[in-house]
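This report looks at charged and aromatic side-chain contacts. The chain is shown below.

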Amino acid sequence: MDDLRLALLLNAVSPQVGGVLVRGEKGTAKSTMVRALAGLLPSLAVVEGCRFACDPAAPDTQCPDGPHAAAAVAAERPTRLVELPVGVSEDRIVGSLDLERALAEGVKAYEPGLLAAAHRGVLYIDEVNLLNDHLVDLLLDAAAMGRSYVEREGVSVRHAARFLLVGTMNPEEGELRPQLLDRFGLTVEIAATREPEQRAEVVRRRLAYDADPEGFAARWTRDEQELAARIGTAREVLPSVVLGDGALRQITAVCAAFEVDGLRADIVMARTAVALAAWAGRTGVIAEDVRTAARLALPHRRRRNPFDAPGLDEEKLDDTLEQSAGQEPEPEGPDGPEGPDDDGSGPDGPSGGGKDAPTDDGPSGGTTEAEADAASSRGGIPAPAPPQPAAPAASPYRTRLLTVPGTGEGANGRRSRARTDSGGHTIRAARPSGALQRLHLAATIQAAAPHQLGRGRDGRALKLRRDDFREQVREGRESNLVLFVVDASGSMAARQRMSAVKGAVLSLLMDAYQRRDKVGMVTFRGSGATLALPPTSSVEVGAARLKQLPTGGRTPLAAGLLRAHETLRLERLRDPRRRPLLVVVTDGRATGGSQALPDARRAAGLLAAQGTAAVVVDCESGPVRLGLAAELAVHLGAEAIRLDELAADSVTRLVHTIQKEAA
Ligand SMILES: [Zn+2]
C-alpha cells in the first residue's frame, strides 16, 4: 500500500494521529486521493438543526445553537470534507455577522464559517504553503485548541472545531513555517508516477472502465465498502492496542537519534504505531509498526534544511531500531533476554507481523542481543572525526526575522511589509487615521449595525455616524533580495569561528528560501572580492558555494562592499521593485594598508547614501574586542547583530509582538 493511502487511512482509524501533509510536485493526483478519503469515513450522528455538528451524546456546552436538550433529535450524515478555497477570507473561515439580520432586525446573528463546517470532519487545504500567514495562524490556533473563537464588533462566539487537517503543498513553491509543519501529524512525499509498471496499471484501469463502466464502478464500490468496513473494525480494536515498553523505548530512541525537537514527535509516533497495529488487526505494537510510524511522522520534524534529501535515512532508522530493541531499561531479573518478545516488539511475536513486513533480515533474538551489546559499548566512544579541508558549517537554526524597513511593493513573499494588490494579501479594516481613503463597506456597516435600533432607524437608510467609518488597509509581505557579503579573510578563518559563520549564513539562506527571497553572495579575502553567487532564486547553489568557500588572507572589506554596491546597482535595473537587504557578515577588521579602514567606511557610506537596508552580523569574539563591525554598522546605517544573537526563539516572538502591536 502506498504511503499516502496508508497515512490517510491511519487518520481515519485514529483522528489523534493529527492529519497529513502531502508534499509533491504538480500533477501527482494529491487532491484526488484526499477527496476519495472522505467517502470512506464513517457517517456522523449530529444534533438535528445544529449548524455546529454537535454530537447528540455530548453536545458542546458553548454551542451557539445550543443549549441542546438531553433528548435532542439525532440525525445521521456523512463526514464532511471541507475545502479551504484559494484566496479565502478571514470571515469565511471563522464566520461573520449576518448583516442582513443585523440591519433588518437589529439582531446580532452569527453566520458560521468553514471551521464550524469542518468540525468532526476533514479540513482540506490545497497548496497550504501559499496561504497567507495571518490565516495560517488562525487555523493553527483553532487546530491547537480544538475550538474557534471569534471576537468582532458586535459578535463574540466560541464553538468546537476539531478536524482532521489535510494539506498539500508543492515544495518547489516555498516551504512551510516550522510551526505549521509540526502541526501535521504525518507527512508523505509523493512523486509523479514514472515507473512503467504503475503507468501500465493506470492505463489498464482506464481500459477496463471504458469497456465496462458499470462493472468497473460496482467493483470499485465493493473495494470501498471493504475498506470502510476495515476502518470500522480497526476503530473497534484501537482502544485495546497495547504499546509495550519495548516499542515505546524504540520510539524514544528513534526520536532522539533523529534529533527532533520537543516531545510532540514521540507522541505522534506512538499514536501512529498504535493505529498501525489496529489497522493490521493486532492488539500489540510490533517493531515494523514503529518503523513505519517513524517513516511517516519524522521526516518533517527532524532538524533539517531544504538541501537535505527528503525522507528519512532508512539505514540509520534500522540501526537505531535494532540497537534500542536489545536495550534493557532497568534490570528485570532472569527473563531479561526474552524482554523484547514479551513486548511484542520482535517480528517473531504471536501475530506473525504485517503481511508486507520484511522479516527475513529483521532482528531475531540472539543476534539482537549480541549486536546491542556491541552497539552500546560503541556508543560510549566518540567516533573519530574524518579530516576536513574546509571548515564545515555548524547546524543551521531558525534565525530571527530580518526585514527591510518601510513598506515595499515587491513580489509576494514572507519577509518585509508591503502594500500589495496581488494574491495573498489581507484586507484589514481600520479606523481611518486621517481623511478616509478607501471605504471598507462591510466593516463600516458592521460597526453601525448594532446601533440601528438605538439610533431610531425606521426607514431603509442606515443611520451612520462618523466613528462607524472603517477603511481598507491592504497589507501583505514581499520577498526581497538578500545579498550576503561574507568575510572569508584570515582573521575570520579560525576553524571554529568559520564553522559558526557558515552555520549562520546557512541558517539565513534557509530562512530566505522559506520566505521566497532571491539571494546573492559576495565574498572577500586576500586580494579582492568575488561575486560568489549572482542573485538567484536557487538557494541550493548558495549553500553549495558556501561549503566550498576558501578562507584566509587579508581583509579587503572595502572591495567587498563596493562589489555589493555594484551588484545591487545592476539588480535594481533588472528587478526595480525588489528591495534589497544587505547582510554583511564580518568582524570589521579591514586590513591591507593604512587606507583599508577609511576605504571601507567610504564604501559603507556609498551604500547608505543609496538607502540600502543593511544588517551587520558582528563576528568578533574573544576577550579583546575592537568593536569595528559595530562601527561599520553605523557607517552603513545598519543594525548590528552579534553572531550569537541571530537565532530566533524569544527574540523573534518579541519582534512579532511588537510588529503586531504597531500594525
Ligand atoms: Zn450544537
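## A charged pair at a helix end

Glu 571 is buried, at 5% relative accessible area. Buried means under 20% relative accessible area, exposed over 50% and partly exposed in between, with a 1.4 Å probe and protein chains only. Its salt-bridge partner is Arg 574, with N and O 2.8 Å apart. A salt bridge here is a side-chain nitrogen of Lys or Arg within 4 Å of a carboxyl oxygen of Asp or Glu. Arg 574 counts as exposed, at 60% relative accessibility.

Both residues belong to helix 19 (residues 557-574). Glu 571 and Arg 574 are three residues apart there, so about one helical turn separates them. Helices (H or I, at least four residues) and strands (E, at least two) are DSSP runs, numbered from the N terminus. The pair is also part of a salt-bridge network that links Lys 518, Glu 571, Arg 574, Asp 575 and Arg 578.

## Basis of the values

The model is predicted: local features need pLDDT of at least 70, side-chain atom pairs count only at pLDDT 80 or more, and totals for chains, interfaces and linings use all residues. Residues are numbered from 1 along each chain as its sequence is written, and side-chain values use heavy atoms, with hydrogens and water left out.

## Other salt bridges

The count of salt bridges comes to 25. One of them joins Asp 517 to Arg 415, with the closest N and O atoms 2.7 Å apart. Asp 517 lies in the loop between helix 17 (495-514) and strand 16 (518-525), and Arg 415 lies in strand 12 (residues 412-418), so this pair ties together parts that are 102 residues apart in sequence. Asp 517 and Arg 415 are both buried.

Asp 511 and Arg 515 form another salt bridge, at 2.9 Å from N to O. These two residues are buried as well.

## Aromatic contacts

How many aromatic pairs does the structure hold? There is one. Phe 52 and Tyr 110 are stacked, 6.3 Å centre to centre, with 10 degrees between the planes. Rings of Phe, Tyr and Trp (its six-membered ring) pair if their centres lie within 6.5 Å; planes under 30 degrees apart are stacked, over 60 edge-to-face and the rest tilted. Phe 52 is buried at 2% relative accessible area, and Tyr 110 is buried at 7%.

Two charges sit over rings. The charged end of Arg 230 is 4.0 Å from the ring centre of Trp 279. Lys 316 lies over the face of Phe 258, 4.7 Å from the ring centre. The rule asks for NZ of Lys or CZ of Arg within 6 Å of the ring centre and within 35 degrees of the ring normal.
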